[in-house]
Amino acid sequence: MKNYFLAAMLTGLILATAGCDSPGGQTPPPQTPPAGQETQKTADDKQPPKEEPKEITVRLYYPNDDGTKLLPTERRIQLNGQDRYTAAVNALIANGQGRYTIIPKQTKVNGVTVKNGTAKVDFSADLQKYFVGGSTGEEMLVGSVVNTLTEFPEITAVEFYSDGKKIETIAGHSDLSVPTKRMDELLQ
């Protein structure tokens, strides 16, 4: 009986190690991931890319009726392929819905970039060429743009550019040589 037991153990050991050609007599790990992981990866690969919004709600700032304070107005605006900052400034220029904008209608927005909390707004030269306001008008224009853009939490200040060149003033009344922070003192 002892011999049968020994023979059975030896046979089992031989069968267990048969086909193992890796060093140490161990079978190599499987090359394919377990079925559950494979299914997860396939599901991730099939997810559609995150779609960018086509419209956003923004708070735009316009001068009040006597041009001495700024009034906030919430609007839904279409992005139409623009980044949200450029779309907001374009909406500010376009006006509508009974509000008066101080930004000359001929003005175009060349682009808006944001870096380290500062938005750089590049307007066409028409901003300065067609501006007709005095010191209060210039303050309303600057406040309108600055307060609109600082509604975005990542923006804390705004710099003004004209066709790629930094401008220090629009009409000689406001100092724009340094980034301009939010102007809450102008709010009604």
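Two strands count as a pair here if DSSP finds at least two bridges between them. With that in hand, meet this protein, which is a predicted model. Its secondary structure comes to five helices and seven strands, and 36% of its 188 residues count as buried.

**The overall picture**
- Starting at the N terminus, the elements follow the order α-α-β-β-α-β-β-α-α-β-β-β.
- If you take the contacts between residues at least 6 apart in sequence, 57% of them join residues at least 24 apart.

**The β1–β2 hairpin**
- Strand β1 covers residues 55–63 and strand β2 covers residues 70–78; they pair up in the antiparallel sense, with nine bridges.
- Look across from Arg59 and you'll find Glu74 in β2.
- Six residues sit between the two strands of this hairpin, and Gly67 takes a positive phi there, near 70°.

**Helix α5**
- Helix α5 takes in residues 135–149, and its end C-alpha atoms are 21 Å apart.
- That agrees with what you'd expect, because 15 residues at 1.5 Å a residue should span 21 Å.
- Most of α5 is covered, with 12 of its 15 residues buried.
- Among the buried ones are Gly137, Glu138, Asn147 and Thr148, along with Met140, Leu141 and Val142.
- The run from Gly143 through Ser144, Val145 and Val146 is buried too, and so is Leu149.

Terms used. Residues are numbered from 1 along each chain as its sequence is written. This is a predicted model: local features need pLDDT of at least 70, side-chain atom pairs count only at pLDDT 80 or more; totals for chains, interfaces and linings use all residues. Side-chain values use heavy atoms; hydrogens and water are left out. Helices (H or I, at least four residues) and strands (E, at least two) are DSSP runs, numbered from the N terminus. The expected span of a helix is 1.5 Å times one less than its number of residues. Buried means under 20% relative accessible area, exposed over 50%, partly exposed in between (1.4 Å probe, protein chains only). Contact means heavy atoms within 4.5 Å.
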